[in-house]
Amino acid sequence: MPKISKQASIIAILNNKGGVGKTTTAVHLGYAIAREKKKVLCVDMDEQANFLLHVFPPKNVYELEDKQNGKPLPIIHHESGVDVLPLSFWSATSAQYVDVIRQYSQEYDYILLDCPPSLESRTRAALQAATGVLIPTEPENLSYKGLVKLINLCAEENLPVLGIIITRFDKKKAAHNFYVQQLTTMYA
């Protein structure tokens, strides 16, 4: 019987707005998946290296930046069971990013892509590599308005939106309650 090769679920975690919890979502989702005994690779696509700074001491992250020599850096195993691919300091074409991400698709169950807070070339490459999208968002006016553009972009790329994750919710704020209701009505 021929062996069927598995393919990782490659999930782009994105929003074109900063500070909505993309990196925090990637970190915690990666840890949760690893705890379920699944192989997970988290890819830091953002040149700010927030994912790397979240899981490694700053000194180690700055050493990684110094080691960058025009090629992707190797995968780093984190004590949590998550592997990390630091693409933060690598400057490449969209096709090169896609190729590097996809080359690991048979080695992992899940690949999580922590995207930059804009729709720049790294984010576009993440969308090309991805099999689905998670959108962390705050229950606020600007975040809500930006969702339409993101969801349309996912439709253009034929990518399913796997979910919208509401972050930083404060039930004491009337606006938060309003936008949670709007999001639930529009996207549930």
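User: Which strands does helix α1 lie across?
Analyst: In this predicted model, helix α1, residues 22-35, lies across β1, β2, β5, β6 and β7.

User: And what's its angle to β5?
Analyst: Helix α1 runs at about 165 degrees to β5, which covers residues 110-114.

User: OK, the sheet then. What order do the strands come in?
Analyst: The order is β3-β4-β2-β5-β1-β6-β7. That's 7 strands in an open sheet, and the pairing is mixed.

User: Which strands stand at the edges here?
Analyst: Those are β3 (76-77) and β7 (161-166). Each has a single partner strand, so one side of each has no neighbour in the sheet.

User: How do β1 and β6 run, parallel or antiparallel?
Analyst: They run parallel, with 3 bridges joining β1 (residues 9-13) to β6 (residues 132-137). For I11, the bridge partner in β6 is G132.

User: Switching topic: how many aromatic pairs are there?
Analyst: The count comes to 2. One of them is W90 with Y97: the ring centres are 5.2 Å apart and the planes are at 80 degrees, so that pair is edge-to-face. Both W90 and Y97 are buried.

User: What about Y104 and Y108?
Analyst: They form an edge-to-face pair too, 6.5 Å centre to centre with 70 degrees between the planes.

User: Is Y108 buried or exposed?
Analyst: Y108 is buried, because its relative accessible area is 3% and the cut-off for buried is under 20%. Y104 is buried as well, at 14%.

User: What lies over the face of Y108?
Analyst: That's K39, at 4.8 Å from the ring centre.

Note on methods
Residues numbered from 1 in each chain as written. Predicted model: local features only at pLDDT ≥ 70, side-chain atom pairs only at ≥ 80, totals over all residues. Heavy atoms only, no water. Pairing = 2+ DSSP bridges. Helix = DSSP H or I, 4+ residues; strand = E, 2+ residues; numbered from the N terminus. Contact = heavy atoms within 4.5 Å. Axes fitted to C-alpha atoms, helices over the stretch in contact; angles between N-to-C directions. Phe/Tyr/Trp six-rings, centres within 6.5 Å; stacked < 30°, edge-to-face > 60°. Buried < 20%, exposed > 50% of the residue type's maximum accessible area, 1.4 Å probe, protein only. Lys NZ or Arg CZ within 6 Å of the ring centre and 35° of its normal.
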